[in-house]
Amino acid sequence: MAGCFSDRMIFIPPPSSYTDSDQVIKIPVGEHESKSDNENISAFHLPNGKAEYTILYSHGNAEDIGHNDYLLARFRDHGYSVFAYDYRGYGTSEGKPSTKHAYEDADAAFKYLTGELGTDPGKVIVYGRSVGAGLATYLAEKHDVGALVIQSGFVTAFRVITHYPILPFDKFKNIDRIKNINCPVFITHGQKDKIVKPWHGKKLYEAANDPKLKLWVPNTGHNEDLIHIAGERFWDKMDELEKAINQNQSD
């Protein structure tokens, strides 16, 4: 019961911002014997023929991939291929959201990107914003990816509310996972974030292994366009991250 209650606090999907079309990829999720019983999640793929790296984007809570289409295009225009997916219950993805389902959805997206699309896992940058940081961190711990980026992430889901780890059913324990991650890590956080306060990002940075990068963006809240506000400082850090990936993989 506690797990269901906590899931309802974490996942609050808005009405879908987009409709299905030929551009929306459908990825089956679930473990039913009959494929007809499996649910499907929706995904966007923005390829860039000149890109060396692909961003696998896990979005925040009260948004879907349609809300982020401008952001995804911005990454593509800066030289990345992009693959973004909706969790179950978000956008036009089927099913109901839960922590268990979200992990399965992240696994399915990663499998599609590296399987169907043939992307080398070492060329994947898993990128998570807010609650999506839990899924990006999960994938970075599980797979030999190129790098992990956390934007406005938390140490654990319920320490956003309590500050202290007093709830036994806490979810998305990023602070524990990040200690096991050995790829380059880039953490960025708005310093006026009143939803996930800046100390979360700083704790995650302290716990991360080298090589690691940080960017604290002044006068930026949780739901503001951090990347736009940071401007070239953000893209300079992404350039540094690519160099760190190349160095890490050549060692």
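## Helix 3 against helix 4

In this predicted model, helix 3 (residues 99-116) and helix 4 (residues 132-142) pack at an angle of about 60°, their axes 10 Å apart. Helix 3 and helix 4 are therefore oblique to each other, a word used for angles that are not under 35 degrees (roughly parallel), over 145 (roughly antiparallel) or 65 to 115 (roughly perpendicular). Axes here are lines fitted to C-alpha atoms, for helices over the stretch in contact, with angles from 0 to 180 degrees between N-to-C directions. Helices (H or I, at least four residues) and strands (E, at least two) are DSSP runs numbered from the N terminus.

Where do helix 3 and helix 4 make their contact? Helix 3 brings A102, Y103, A106, D107 and F110, and helix 4 answers with G134, L135, Y138, L139 and K142; contact means heavy atoms within 4.5 Å.

An open sheet is formed by 8 strands in the order 1-2-4-3-5-6-7-8, with mixed pairing; two strands pair if DSSP finds at least two bridges between them. Strand 1 and strand 8 (212-217) are the edge strands, each pairing on one side only. From one strand to the next, the twist averages 20°.

Both senses of pairing can be followed on screen. Strand 1 (residues 25-29) and strand 2 (residues 39-46) are antiparallel over 5 bridges, and K26 has S42 as its bridge partner in strand 2. Strand 5 and strand 6 (residues 147-151) are parallel over 5 bridges, with R129 bridged to Q151 of strand 6.

## Helices 2 and 9

Helix 2 (residues 69-77) has L71, L72, A73, R74 and F75 buried. Their cover includes strand 2, strand 3 (54-58), strand 4 (81-85), helix 8 (226-230) and helix 9 (232-250). Just after helix 2, G79 takes a positive phi of about 105°.

Helix 9 also lies across strands 3, 5, 6, 7 and 8, running at about 175° to strand 8.

## Confidence and conventions

The protein chain averages a pLDDT (the predictor's confidence in each residue, from 0 to 100) of 89, and 87% of the residues score at least 70. Residues 1-5 stay under 50, with 2 contacts beyond four places in sequence.

Residues are numbered from 1 along each chain as its sequence is written, and side-chain values use heavy atoms, leaving out hydrogens and water. Local features need pLDDT of at least 70 and side-chain atom pairs 80 or more, whereas totals for chains, interfaces and linings use all residues.

Methods
Buried means under 20% relative accessible area, exposed over 50%, partly exposed in between (1.4 Å probe, protein chains only).
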